[in-house]
Amino acid sequence: MQFEMLYSKIHRARVSDANLEYVGSITIEKSLAQSAKLKEGMKVDVLNINNGERFSTYVIYGDKEGEICINGAAARKAQVGDIVIIVAYAILQESECEAFKPTIVQVDAQQNNKILYIS
């Protein structure tokens, strides 16, 4: 049997930009994304704390420090300054579930999404 389990998340990041004209995705600063073990092109869910919106998209790496940019149609679901949780899942065999530990990256939304800790 297989289970869809939490793989990683970036917890309570602040949206730094929203670009309606871009062709989809979420741009995450490369080092921040890699700290959360998110790969470019990986599917993620974005949970908007401010308005309750939840949507799926895919990751692209960005170069700007602390960047979290909602692109394309999803830019209608988040505004600059909104707090979001970015979540990725993995399919695990039942035997893998107990030993697997997801990566949780807590950031400081007040300080340009600076990583506070990784667990």
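This is a predicted model: local features need pLDDT of at least 70, side-chain atom pairs count only at pLDDT 80 or more; totals for chains, interfaces and linings use all residues.

Q: Ok, and which residue in β7 is the bridge partner of Phe3?

A: Leu92 is the bridge partner of Phe3 there.

Q: What about β1 and β8, parallel or antiparallel?

A: Parallel: β1 and β8 (residues 103–108) pair that way over 4 bridges. One point to look at is Lys9, whose bridge partner in β8 is Ile104.

Q: Switching topic. How many salt bridges does the structure hold?

A: It holds 1 salt bridge. Glu53 forms it with Lys77, and the closest N and O atoms are 3.2 Å apart.

Q: Where do those two residues of the pair sit in the chain?

A: In distant parts of it, 24 residues apart. Glu53 is in the loop between β4 (43–48) and β5 (54–62), while Lys77 is in the loop between β6 (68–71) and β7.

Q: And is Glu53 buried, partly exposed or exposed?

A: Glu53 is partly exposed, with a relative accessible area of 28%. Lys77 is partly exposed as well, at 29%.

Q: On to the annotations. What does UniProt have for Ser25?

A: The UniProt entry, which is unreviewed, covers Ser25 with "modified residue: Pyruvic acid (Ser)". In the model, Ser25 is placed in the loop between β2 (17–19) and β3 (26–29).

Q: Is Ser25 buried or exposed?

A: Ser25 counts as buried because its relative accessible area is 2%, and the cut-off for buried is under 20%.

Q: Which residues is Ser25 in contact with, leaving aside the neighbours within four places in sequence?

A: Thr57, Tyr58, Ile60, Cys69, Ile70 and Asn71. Thr57 turns up in another annotation too: the unreviewed UniProt entry has a "binding site" covering Thr57, Gly72, Ala73 and Ala74.

Q: Let's take Gly72. Where is it, and is it buried or exposed?

A: Gly72 is in the loop between β6 and β7. With a relative accessible area of 3%, Gly72 is buried. Leaving aside its neighbours within four places in sequence, Gly72 is in contact with Asn19, Leu20, Tyr22 and Gly24.

Q: And Ala73, buried or exposed?

A: Exposed, with 65% relative accessibility. Ala73 lies in the loop between β6 and β7.

Q: Last topic, the inside. How many residues does the largest nonpolar core have?

A: It has 26 residues. Ile10, Ile26, Ile28, Leu38, Ile68 and Ile86 are those with the most contacts inside it.

Q: Which elements give two or more residues to this core?

A: They are β1, β3, α1 (30–35), β4, β5, β6, β7 and β8. β7 gives the most, with 5 residues.

Q: Can we zoom in on Leu38? What is Leu38 in contact with?

A: Leaving aside neighbours within four places in sequence, Leu38 is in contact with Ser8, Ile10, Ile28, Ala33, Val44, Val59, Tyr61, Ile86 and Ala88. As for the wider pattern, nonpolar side chains tend to be buried together in soluble globular proteins.

Methods
Residues are numbered from 1 along each chain as its sequence is written. Side-chain values use heavy atoms; hydrogens and water are left out. Two strands pair if DSSP finds at least two bridges between them. A salt bridge is a side-chain nitrogen of Lys or Arg within 4 Å of a carboxyl oxygen of Asp or Glu. Buried means under 20% relative accessible area, exposed over 50%, partly exposed in between (1.4 Å probe, protein chains only). UniProt positions are given in the numbering used here, feature names are shortened, and annotations may be inferred rather than shown by experiment. Contact means heavy atoms within 4.5 Å. A nonpolar core is a set of buried Ala, Val, Leu, Ile, Met, Phe, Trp, Tyr and Cys residues joined through side-chain atoms within 4.5 Å.
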